[in-house]
Structures are given as C-alpha cells and as structure tokens.
Amino acid sequence: MTSHPATTTLAVDDATRQSLATGPVGMALLSVEHAWTSTGTWAAAQGNIRRTVTGPVDAADHTGLYYGAPALAFLLHAAADRHPHYRAAGDILDDHVLRIAQTKLAAATNRIERGEPTAFAEYDLFYGLTGIGALLLHQDRRDTTTEDVLAAILRYVVELTRPRRYDGVEVPGWWVAHDPDKLMPTPGGHANLGMAHGAAGLTALLALASLRGHHVPGHHDALGVLTAWFDQWRQDSPTGAWWPQWITADELRTGTPTQPAAGRPSWCYGSVGIARALQLAALALGGHQQQDAAEIVLAAALTDHELDRITDPGLCHGIAGIYQTAYRAAHDARTPAIAQRLPAVAARLTRHAHTPADSVDNGFLTGSAGIGLALHTLRRAAPPHTGWDTCLLIT
C-alpha cells in the first residue's frame, strides 16, 4: 500500500478498488462485520482487505469518505482491534486524512473570502468535509491534531449555516451554483436538503458531534438554523410530512417549492433520512417536542402506503437504507411507533434482497454489500460491531 498525496492518474482498476460507494471496499467491510460476529472468518476478511488495500492509494485532495485514503482508513479501523497491524496501516492513512481535511478547509476559507458559493465536493458526505468529519467522529481519536481538525470542520459547518447573497438573492451558506445532477438542471443553483449532499447531512454531523461532547462556538445556534430551514420547507400531506429534494433560486423568491409531491422515503433524499437528522438534532438540543415531531414523520414514512413505492433494495435509495435508518432511530425514540413498524420493513428488506435484479452491483451504496450489511443488522437484531453505518450519518 503506497499513498499518493499529490494528484495522480491511477489505473481504472486502482481507482475502483478504493471506492466505498461502488467498489470492493463495501464487500471487505461486510466480511469484517461477519468476522467480528462469528458469522464469517477472519481469514476471509483478511483476504478481502488485502485485495482492497494492495496497490497505490489515492490521497489527493479530491478524495473523501467514500473514495481513496479516507475510505480505506474507515475499512482498516473496522478491523484494527482484532488485527493490530491494520491499526498501524490505518494510522498512516489517518495522517493523510488529516492533511486532506486541512487542505479542503484552507480552500473553503479562500472560497468564502472570495464570496463564491460552495460545491458538493467541498462539503458533502461522500467526498467533502462532512464525510471527513463523520470519519473523525467514528474513529474518536483524542490526539490534539485530530481534535483540532475536527473542531475546524465543525466551525466550517457552522459557517455554512450563515446566509450569503448570491446573484442578488439571500441564500443559505451551503448554496451551490451547480446542478444536483446533470440531468436535473437548477438554473442559478440550489440548496440541497438531502443527507448525502445537503442540509440533512450538515444537521446530522453537528448533532452527532454534540451528542459525543464536541462543541464549537455557535454550534447549537447552527442546529437551530438548520432545523428552522426544514420547518420552513416542510410540506404536509394526508400520508405524512415530506421535504423537497432541493430549493432553487426561483423557489427561494416565491417561498413555494415546485416539486409536486413527496419523493420516495429514502435515506439519501427522502423523509426517512431527513427525519433521522432532525431526531438527532432534537436529541442534541434537548427538544422533546421537536423529537416527537421527527419521529412521527419517520413512522409515517414506514407505512405500507409509502413502502409500496420502494422497488430498490439498496442503502442509498432503497429498503436497506430505510431499514438501517429506522433501526437506529427506533433505539433513540421516545415512543414505540417506529419500532412497531420495523418487522414490516424487515420483511420487505428480506424479500427485496432475494429478488434478482440486473441493476444490483456489489457496492456499498446501491449494491449487495450495503444490502448484506443491513441484512446482518436485521438477523442479529443488534447494532453493527464495526459501526459501518456511521458513514450514513445515522449514528
């Protein structure tokens, strides 16, 4: 394993090998989870880890939790307590992760000073500073450098909650000028609400950090700004509350979203992921009323009417992500409504997981690795030993 801190052109196989999103990192993580819980062998897990980390490692500034050195550090630390040599290798990668974070933070500071909008690659869960923050929280290292970098990331997220003026309009600080997807244009930019790329991810990171004793100036005020944003754009319907996937400049001006109805109740953009983020925020702020409201939304998203709209088995858009999020939310809930729906969600996950689908890959986000990890939680009825779902910002 050799790290390449500068921008390096890697072979396609080497780049794919270190992707948590779509590559074999997810399968290696699944094999580690099985080994920890004695439903698999450490020999198999070691073989999968070796195939994943052997070769050049991308540690350039474009990497993040779901690709490159941070993704491999996440994997190695999952096995580190059982195999100390993985801890040594993970510690080497951690040094690169801290440098990547510092470089991203410096670039973000310069961008803010220029008055320019941010971008997904700067702040989001997959490749940005939110993901690096989630990784540092999960590893829970208490050395001074790590603590300082984590605090700097949290201060940056607080800064993202401060409004800016862009193109003559007051926009939230996480406003991006680019489209959420090349097939879904948002002229003038947009403010994303989802867990992967938007306000829900920022909310969850600040809340989880607070719950673990990490606070920076303005921390709870920033959580208040984010929860108020969700209150502003919440849409109510007979089947439950929902939120638009994003808000455009025109929608900001009118105060009315153009999305006609709720999307699927997924982890990444749907009411399940957003409600979990709001539940975590309520736990961090000590707001029982806000927590109850979030849990009502999440429970409503688990009804048969809503789940009938789910055809995807994966974590990102599908039933695996819904189950894992609901499982974590049920353990923190003040009422039994979410837990009472878990068996029905579990039955759907089991059914979806055994339905052949040509589109299912072996990856973590949309493929069989992520599905297998959620199924493992279901079958054991216990939290993951590796804490793999921390990279979803649901715990």
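Thr161 sits in the loop that joins α8 (144–160) to β3 (164–166). Helices (H or I, at least four residues) and strands (E, at least two) are DSSP runs, numbered from the N terminus. This is a predicted model, in which local features need pLDDT of at least 70, side-chain atom pairs count only at pLDDT 80 or more, and totals for chains, interfaces and linings use all residues. Residues are numbered from 1 along each chain as its sequence is written, and side-chain values use heavy atoms, with hydrogens and water left out.

Thr161 is buried, at a relative accessible area of 7%. Buried means under 20% relative accessible area, exposed over 50%, and partly exposed in between (1.4 Å probe, protein chains only). A polar atom of the Thr161 side chain lies 2.6 Å from the backbone oxygen of Val158. Neighbours within four places in sequence aside, Thr161 is in contact (heavy atoms within 4.5 Å) with Trp174, Ala222, Val225 and Leu226.

## Helix α3

Helix α3 (residues 42–53) has 12 residues. The expected span is 1.5 Å times one less than the number of residues. That gives 16 Å for α3, and its end C-alpha atoms are 16 Å apart, which agrees.

Trp42, Ala45, Gly47, Ile49, Thr52 and Val53 are buried in α3. Their cover includes α1 (12–17), α2 (25–36), β2 (56–58), α4 (69–79) and α5 (84–114). Gly55 follows α3 and has a positive phi, near 120°.

## Aromatic pairs

A search of the whole structure finds 12 aromatic pairs. One of them, Phe120 with Tyr123, is edge-to-face, with 6.2 Å centre to centre and 80° between the planes. Rings of Phe, Tyr and Trp (its six-membered ring) pair if their centres lie within 6.5 Å; planes under 30 degrees apart count as stacked, over 60 as edge-to-face and the rest as tilted. Both residues belong to helix α6 (residues 120–123), 3 residues apart, about one turn of the helix. Phe120 is buried, with a relative accessible area of 10%. Tyr123 is buried too, at 1%.

Trp229 and Trp233 have ring centres 5.8 Å apart and planes at 55°, so this pair is tilted. The two lie 4 residues apart in helix α10 (residues 219–233), about one helical turn. An α-helix has 3.6 residues a turn, so residues three or four places apart point the same way. Trp229 is buried at a relative accessible area of 8%, and Trp233 is buried at 1%.

Ring pairs also link Tyr66, Phe126, Tyr127, Trp267, Phe364 and Trp388 into a cluster.

Note on methods:
Polar contact = N/O pair within 3.5 Å; in protein donor to acceptor, adjacent residues only side chain to side chain.
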